[in-house]
Amino acid sequence: MDHQIFTLGNGIRILFNPFPSNISHACVVINAGSRDEKNTETGLAHFIEHLLFKRTEKRNTNQILNRLELVGADLNAYTTKEYTCIHASFLNPFLDRTLDLFEDILFHSTFPEEEMEKEKSVILDEIASYQDQPEDAINDDFEELIFKDHPLGKNILGTPESVQSLNQSNIFEFLKNNYNTHEIIIAISGNYPVKKIKTVSEKFFGKLAENNSVKDREKLTSFIPAETTLAKPISQTHCVIGTQAYSLYDPNRVALLLLNNLLGGPGMSSRLNLEIREKHGIAYTIDSNYIPLSDTGIFSIYFGTDQEKTAKALKLIHRELRKLRENKLGSLQLHQAKQRFMGQIALAEENRMGLIMSMAKSLFDYGKVDTLEEVFQKINGVTTDQLGDAANDIFNPMRLSVLTFEPEN
């Protein structure tokens, strides 16, 4: 049995992935992220994620943090543009303790004013720290460039001004409008009988009130490519090239995932790494990324190099993109690209926490969880013509935006 799914009376779905280990993993994934914020609430979803660990109706901050750490467990959280996730890894006997804490912080947090003020200072430091890392900051600024004046372009952390302006009423309104019990999934991986999972899930989450609020995400408007160069107090040039791409539901998504992996995915043998770093030695880091979202996607290539080498790096990148547009992969090249991609996916499943998060997101996105064999079947079904079509669409130089951070003179 790969997994089981069942739904509580209030709409919360439970996803169970049995696994014979002494260590268990659990997460709660909520279909609410930074793109669900109002214009005046930038950074709110991330702010809430921080405050969930501060105080509930029955626990203070120390009690929340120690509840799992005292038994050697790991508790953490993150926010994306479309999701919020709370997750924990723990020894098998502490499943009840973990789910009890999840329920408490998600549904009984009090968000006291004094904790809000302290956490605002923490997030302001986080924003400042992030801005000191141009390789991270440039990706956020690039998303602002390609999603101009849209919630997807806003920084998940917010701005110092927006964070300072957030208040309690913002928080409770956001929770009411976005923490829909029908769009909450609790995923568990561990060595338990299914009956145990059903019992504890019902015990801690079954009595919660149903919230079936309707999400109204802002639709995307037409996309206009742009090129921008900003001077920064840095020693290297940092550059991102990319565009809006296919959504989670686009039939071309798998072809672009395969193309991205071939072009600049993990590993030293990607085309960009071999050409830019290994052959010409002009960039320590170069990679590409494709992130599909519910109604669009983000394709980007990032590199950092010395300022005088930037033009050459861009020329070489465009040459690699042109090769993928104009030259079909041979049967052996296509087979090797698929084998590498499938191998990486299989190895990633060894990370059990990453696996159940991925399974929960798949359940959100598609209403089901594909087996590894089904994933491989989709990848093996990609043809050279589909790769060529995706390359000519997404890698079209007329639709690529470019953002460059260059050293101040």
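Tutor: The dialogue that follows sets values against definitions. This is a predicted model, in which local features need pLDDT of at least 70, side-chain atom pairs count only at pLDDT 80 or more, and totals for chains, interfaces and linings use all residues. Residues are numbered from 1 along each chain as its sequence is written, and side-chain values use heavy atoms, with hydrogens and water left out.

Student: Why is glycine 72 called exposed?

Tutor: Buried means under 20% relative accessible area, exposed over 50%, and partly exposed in between, with a 1.4 Å probe and protein chains only. Glycine 72 has a relative accessible area of 68%, so it is exposed. This glycine is found in the loop between helix 2 (61-69) and strand 4 (74-79); helices (H or I, at least four residues) and strands (E, at least two) are DSSP runs, numbered from the N terminus. The C-alpha atoms of glycine 72 and glycine 190 are separated by 16 Å, and the two are 118 residues apart along the chain.

Student: What makes aspartate 96 count as partly exposed?

Tutor: Its relative accessibility is 23%, and therefore aspartate 96 counts as partly exposed. Aspartate 96 is found in helix 3 (residues 95-107). Not counting residues up to four places away in sequence, aspartate 96 touches Lys196, Val200, Lys203 and Phe204, where contact means heavy atoms within 4.5 Å.

Student: Is phenylalanine 111 buried or exposed, and how do you know?

Tutor: Phenylalanine 111 has a relative accessible area of 3%, so it is buried. It lies in the loop between helix 3 and helix 4 (113-131).

Student: What is the phi of aspartate 149, and how is its accessibility classed?

Tutor: Phi of aspartate 149 is near 60 degrees, again a positive value in a residue other than glycine. At 73% relative accessibility, aspartate 149 counts as exposed. Its place is in the loop between helix 5 (134-146) and helix 6 (160-165).

Student: Why are helix 1 and helix 7 called roughly perpendicular?

Tutor: Axes are lines fitted to C-alpha atoms, for helices over the stretch in contact, and angles run from 0 to 180 degrees between N-to-C directions. Angles under 35 degrees count as roughly parallel, over 145 as roughly antiparallel, 65 to 115 as roughly perpendicular and the rest as oblique. The axes of helix 1 (residues 44-51) and helix 7 (residues 168-178) come within 10 Å and cross at roughly 100 degrees. The two helices are therefore roughly perpendicular to each other. Leu44, Ala45, Phe47, Ile48 and Leu51 of helix 1 make the contact with Asn170, Ile171, Phe174 and Leu175 of helix 7. By class, the residues of this contact are eight nonpolar, one polar and no charged. Here Ala, Val, Leu, Ile, Met, Phe, Trp, Tyr, Cys and Pro count as nonpolar, Asp, Glu, Lys and Arg as charged, and the others, Gly among them, as polar.

Student: What makes helix 12 roughly antiparallel to helix 14?

Tutor: Helix 12 (residues 331-348) and helix 14 (residues 372-380) pack at an angle of about 160 degrees, with their axes 10 Å apart. That angle makes helix 12 roughly antiparallel to helix 14. Their contact holds eight nonpolar, one polar and one charged residues.

Student: How is helix 9 placed relative to helix 12?

Tutor: Their axes come within 10 Å and cross at roughly 95 degrees. That makes helix 9 roughly perpendicular to helix 12. Leu257, Leu258, Asn261 and Leu262 of helix 9 meet Leu334, Ala337, Lys338, Arg340, Phe341 and Gln344 of helix 12.

Student: Why is helix 9 called mostly covered?

Tutor: Eleven of the twelve residues of helix 9 are buried. Among them are Arg253, Val254 and Ala255.

Student: How do you know that the span of helix 11 agrees with expectation?

Tutor: The expected span of a helix is 1.5 Å times one less than its number of residues. The 17 residues of helix 11 (residues 310-326) should span 24 Å, and its end C-alpha atoms are 24 Å apart, so the two agree. The buried residues of helix 11 include Thr310, Ala313 and Leu316.
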